[in-house]
Amino acid sequence: MQIAYLILAHNQPAQLERLIQRLDGSNVHFFVHVDKKSADKAAIFSALSKFPNVRAVSDFDVNWMGFNMVLSTIGLMKLALSAGISFKYFVLLSGQDYPIKGKQYIDQFLEQHDQDFISFARISDAADNYKNKVRYYHYYDFPYSNPRNSRKIPFLVYLYYGIHRRFMKYLPERKFYNNMSPFFGSQWFALTGGTVTYILQFLDKNPGYLKFMKYTEGPDETFFHTIILNSERRWNVCGYEKFEEWEKTRKPGEQFVQEYSSLRYMDWSDRGKDVPKPATLDESYFEILKDSPDLFARKFDQQKSAALLDEIDNKLLNGK
């Protein structure tokens, strides 16, 4: 069984190298996209050059909540397929992810399954702030008004958040592409080769979908989910049959819980104003990670998470 790890990276070359070392093996290939504007780009490429089974590119300037995140992922899918290897799984990781199960366990898990692991929920069932992601036009790939871009201009950020976001509800609503039902969920996934092939074939036949999604908010959290869950491939998604049954008897305010979701642990709890989510993991999370059924966790920082990473290596990954 062959596995393609698709990795989106923008910093911390030492941690990225550590991640690859923990997952490396004869049945594994890595395809890495490095943010084009990354200050660590040269150091990342240097670190990756040590691995013969790593191919790295730096094609897009990736912005928080922007569409280039999606284009980077599509590019990695195509890059992996161009290798001419029959991959059973395509696993999308961040450079700040890390395994919490040993390589042998991960390989056996993926060998024993043939499902797609991607979290999902129907946007029509969600609150307005989720519906607004696709109802109106958004412009996160304009760097000067993106609040997390180093080139941001405070006045333009204010105009976008203070004016556009406040008054967009008075603008005409966009009709979703081709009457598809939009879905959303975590950006990260583990998809079978058949589903990745279907996605790329769908995009070749539906260039209008790309154009529509370009101006949505956080498209990486809706783009692939919507394609899959509006196709026959939805029956291959882990938990979808249970979701269909749940929708028939759901109670007001009730949320559907998937068994495995995207195969990674993340802490999305509210930790105070202006504190980014998900939480950066430290030693206090070790017992949670030890008992988690997931294969990976995020997010890690090579300094703040150093002690936790060592503990994971020594106690969960058998020192490897």
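Where is serine 26 placed? Serine 26 lies in the loop between H1 and E2.

## Basis of the model

This is a predicted model, in which local features need pLDDT of at least 70 and side-chain atom pairs count only at pLDDT 80 or more, while totals for chains, interfaces and linings use all residues. Residues are numbered from 1 along each chain as its sequence is written, and side-chain values use heavy atoms, with hydrogens and water left out.

## Overall dimensions

The protein chain contains twelve helices and eleven strands; helices (H or I, at least four residues) and strands (E, at least two) are DSSP runs, numbered from the N terminus. Its C-alpha atoms fill a box of roughly 55 × 45 × 40 Å along the principal axes. The radius of gyration of the protein chain is 20 Å, in agreement with the value near 20 Å for a compact globule of 320 residues. That radius is taken over C-alpha atoms, and the globule rule is 2.2 Å times the number of residues to the power 0.38.

Of the 320 residues, 53% are buried (buried means under 20% relative accessible area, exposed over 50%, partly exposed in between, with a 1.4 Å probe and protein chains only). The protein chain exposes about 15,400 Å², of which carbon and sulfur atoms supply 50%; accessible areas come from the Shrake-Rupley method with a 1.4 Å probe, and for residues only the protein chains shown count as cover. Among contacts (heavy atoms within 4.5 Å) with a separation of 6 or more, 76% join residues 24 or more positions apart.

## The six-stranded sheet

Six strands form an open sheet with mixed pairing, in the order E3-E2-E1-E4-E9-E6. Strands E3 (54-57) and E6 (117-118) are at the edges with a single partner strand each, so one side of each has no neighbour in the sheet. Two strands pair if DSSP finds at least two bridges between them.

Strand E1 (residues 2-9) runs parallel to E2 (residues 28-34), with seven bridges between them; isoleucine 3 has valine 28 of E2 as its bridge partner. E1 also runs parallel to E4, again through seven bridges, and here glutamine 2 is partnered by phenylalanine 87. The pairing of E4 with E9 is antiparallel and has three bridges, with phenylalanine 90 opposite leucine 191 in E9. In E4, seven of the eight residues are buried.

## Helices against the sheet

Helix H1 (residues 13-23) lies across E1, E2, E3 and E4 (87-94), at about 170° to E1. Helix H3 (residues 68-81) lies across E1, E2, E3, E4 and E9 (189-192), at about 150° to E1. Axes are lines fitted to C-alpha atoms, for helices over the stretch in contact, and angles run from 0 to 180 degrees between N-to-C directions.

Helix H7 (residues 193-205) spans 19 Å from first to last C-alpha over 13 residues, close to the expected 18 Å; the expected span is 1.5 Å times one less than the number of residues. Its buried residues include Val196, Ile199, Leu200 and Phe202. The cover over the buried residues of H7 includes H3, E4, E9, H8 (207-213) and H9 (223-229).

Serine 26 counts as exposed, at 76% relative accessibility. Its C-alpha is 8.8 Å from that of asparagine 53, 27 residues away in sequence.

Glutamine 96, in the loop between E4 and E5 (97-99), counts as buried at 13% relative accessibility. Beyond its neighbours within four places in sequence, glutamine 96 contacts residues including His10, Gln12, Arg298 and Phe300.
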